[in-house]
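Welcome, and please open your viewer with the whole chain on display. We will begin with the overall picture and then select a few places one by one.

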Amino acid sequence: MKRAIFPLPVFILPEGYTKLRIFEQRYLTMVKEAVKDNTGFVLCTYQHDTELNLPEFGCMMQITDFNQDDSGQLLIDVYAEHAMSINQPFYDKQALRHADVERVSKPSWYVKSVVTDENLLLSHTLQAVFANQPDLAALYKAPQFDNLAWVAARWLEILPISLVKKQQLAFKSNFENLLSFLHTLINTEFTD
């Protein structure tokens, strides 16, 4: 199926939420069509040195809410339903990217799993981050702090590391390596 593609310096994984500010006409058109046809669009990380600056994977997004900021720009809350592969990208007449997309099971480690005792710190510190970030917490009506894959995915989205590193950890690494990386960062930052 063909879908509009929205590359941004944003990283999101399945079941993630984010807020987007839409102001360019081509993306306003994209949002209008996504709402009208109930088709969504694919959000992905803007990637240098690739065809049309698109990575191999993105997420199918559904618009969950919309508003305007003080200057009248459109704000939309979006939800990442599932990962999509991005193939044969092209520009339309408005310079909006489109591509053939197909649902994929990526990242391969993103499967519901229980938070074990050895991973409680990851879950508890993420809960603390949500408690201290009301805008982030407001996006998640039903957080899954007991699901280790969900916790790891949310950490990858919010950590202040490069988008390239996030892509590598999500799509080129295994779950054990990702958890080891997260434990190293979180233990360093949140424990004595």
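Helices (H or I, at least four residues) and strands (E, at least two) are DSSP runs, numbered from the N terminus. The expected span of a helix is 1.5 Å times one less than its number of residues. This is a predicted model, where local features need pLDDT of at least 70 and side-chain atom pairs count only at pLDDT 80 or more, while totals for chains, interfaces and linings use all residues. Residues are numbered from 1 along each chain as its sequence is written, and side-chain values use heavy atoms, with hydrogens and water left out.

**The whole chain**

Colour the chain by secondary structure. Along the principal axes, the C-alpha atoms fill a box of roughly 55 × 35 × 25 Å.

Of the 192 residues, 48% are buried. Here buried means under 20% relative accessible area, exposed over 50%, and partly exposed in between (1.4 Å probe, protein chains only).

**Helix 2**

Select residues 120-132, which form helix 2. Its 13 residues should span 18 Å at 1.5 Å a residue, and its end C-alpha atoms are 18 Å apart, which agrees. Which residues of helix 2 are buried? They are Leu-122, Ser-123, Thr-125, Leu-126, Val-129 and Phe-130.

Next, move to Pro-107, in the loop between strand 6 (97-103) and helix 2. Look at the bond joining Lys-106 and Pro-107: this peptide bond is cis, with omega about -15°.

**Two positive phi angles**

Go to strand 5 (residues 74-91) and pick Gln-88. Although Gln-88 is not a glycine, its phi is positive, about 50°. Is Gln-88 buried or exposed? Its relative accessible area is 60%, so Gln-88 is exposed.

Ala-95 is the next stop, in the loop between strand 5 and strand 6. Ala-95 is not a glycine either, yet has a positive phi of about 65°. With 33% relative accessibility, Ala-95 counts as partly exposed.

**Phe-11**

Select Phe-11, in the loop between strand 1 (2-8) and strand 2 (17-22). Phe-11 counts as buried, at 7% relative accessibility. Not counting residues up to four places away in sequence, Phe-11 touches Thr-45, Leu-156, Glu-157, Leu-163, Lys-166, Gln-167, Ala-170 and Phe-171. Contact means heavy atoms within 4.5 Å.

**Ser-173**

Finish at Ser-173, in the loop between helix 5 (163-171) and helix 6 (175-190). At 18% relative accessibility, Ser-173 counts as buried. What is Ser-173 in contact with, leaving aside its neighbours within four places in sequence? Display Trp-109, Gln-168 and Leu-178 to see these partners.
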